[in-house]
Amino acid sequence: MSALTPYLKTIASRRTIYALKPELPAGVSIKDIQDTIQAVIKNTPTAFNSQGNRAIILTGETHRQVWDAVAKAIDNEDGKKRPLSVRDEAYGSVIFFTDDKVTEKLQADFPAWSAAFPQFGDHSSGAAQISSWTALETLGLGAHLQHYNGYVKAALPGKIPESWSVHSQLCFGAPGAPAGEKSFAVNKVELFN
Ligand SMILES: Cc1cc2nc3c(=O)[nH]c(=O)nc-3n(C[C@H](O)[C@H](O)[C@H](O)COP(=O)(O)O)c2cc1C
């Protein structure tokens with residue numbers, strides 16, 4: 001058990017932090033963040049090693065433009081609040097995708113498994129998202145996960161391939177306040193001998 005403890009502590013340290021400042025913690029560069037996300041995308045396992053995970057990082061004017069467009073596309077004041085806070089308070093956002101071309105090739109190559117591949121893509125994307133979230137928080141960043149997928153897709157820079165489906169947005173910056181209280185359910189892991 002002791003060998004697992006540092007890893008489990010790291011997992012437990014990842015939290016949703018909505019209070020962000022549009023800056024990076026001292027000693028962390030945007031290149032560090034890019035390298036971190038690159039390593040996660042590289043090492044996250046995928047079905048049949050198909051490697052369909054993709055990610056980009058928005059910062060600066062592009063980050064502000066995309067989130068401004070998301071807010072403008074939402075037609076109620078309450079709904080605009082989160083995108084506007086991301087625009088103004090986050091330093092950047094990681095956009096996670098899977099490449100539909102990879103899923104379609106798997107379906108063509110392994111027809112017996114065809115129905116499972118979209119779900120496998122979702123699983124692997126989720127793994128990449130949570131590993132990235134955890135890794136950014138080990139760098140001292142705060143982050144929260146959002147799903148403005150259709151709005152974000154419509155607002156992204158033109159050179160994103162049409163076959164890339166948006167899965168989520170991991171919004172990050174220097175933490176402005178600690179994470180809130182969290183309650184836990186006791187979902188006991190039973191042992192069967
Ligand atoms: C798959 C998934 C989807 C989520 N979607 C959103 C979301 O769209 N917006 C949001 O504010 N938080 C979202 N969250 C954050 C959860 O609400 C949060 O992780 C949960 O309340 C536990 O809190 P913690 O992240 O501090 O451990 C999502 C989390 C997961 C794992």
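Reader: How do the residues of the shell around the ligand divide?
Author: This is a predicted model, in which local features need pLDDT of at least 70, side-chain atom pairs count only at pLDDT 80 or more, and totals for chains, interfaces and linings use all residues. Residues are numbered from 1 along each chain as its sequence is written, and side-chain values use heavy atoms, with hydrogens and water left out. Ala, Val, Leu, Ile, Met, Phe, Trp, Tyr, Cys and Pro count as nonpolar, Asp, Glu, Lys and Arg as charged, and the others, Gly among them, as polar. The shell divides into three nonpolar, three polar and three charged.

Reader: How far is a polar side-chain atom of His-147 from an oxygen atom of the ligand?
Author: A polar contact is a pair of N or O atoms within 3.5 Å. For Arg-15 the distance to a ligand oxygen is 2.6 Å, and for Gln-146 it is 3.0 Å. For His-147 it is 2.9 Å.

Reader: What percentage of the ligand's accessible area does the protein cover?
Author: Accessible areas come from the Shrake-Rupley method with a 1.4 Å probe. Of the 620 Å² that the ligand has on its own, the protein covers 56%.

Reader: Is Thr-98 buried or exposed?
Author: Thr-98 sits in strand S3 (residues 92–99), strands being DSSP runs (E) of at least two residues, numbered from the N terminus. Buried means under 20% relative accessible area, exposed over 50%, and partly exposed in between (1.4 Å probe, protein chains only). Because its relative accessible area is 9%, Thr-98 is buried.

Note on methods:
A polar contact is a pair of N or O atoms within 3.5 Å; within protein, one must be able to donate a hydrogen and the other to accept it, and residues adjacent in sequence count only if both atoms are side-chain atoms. Helices (H or I, at least four residues) and strands (E, at least two) are DSSP runs, numbered from the N terminus.
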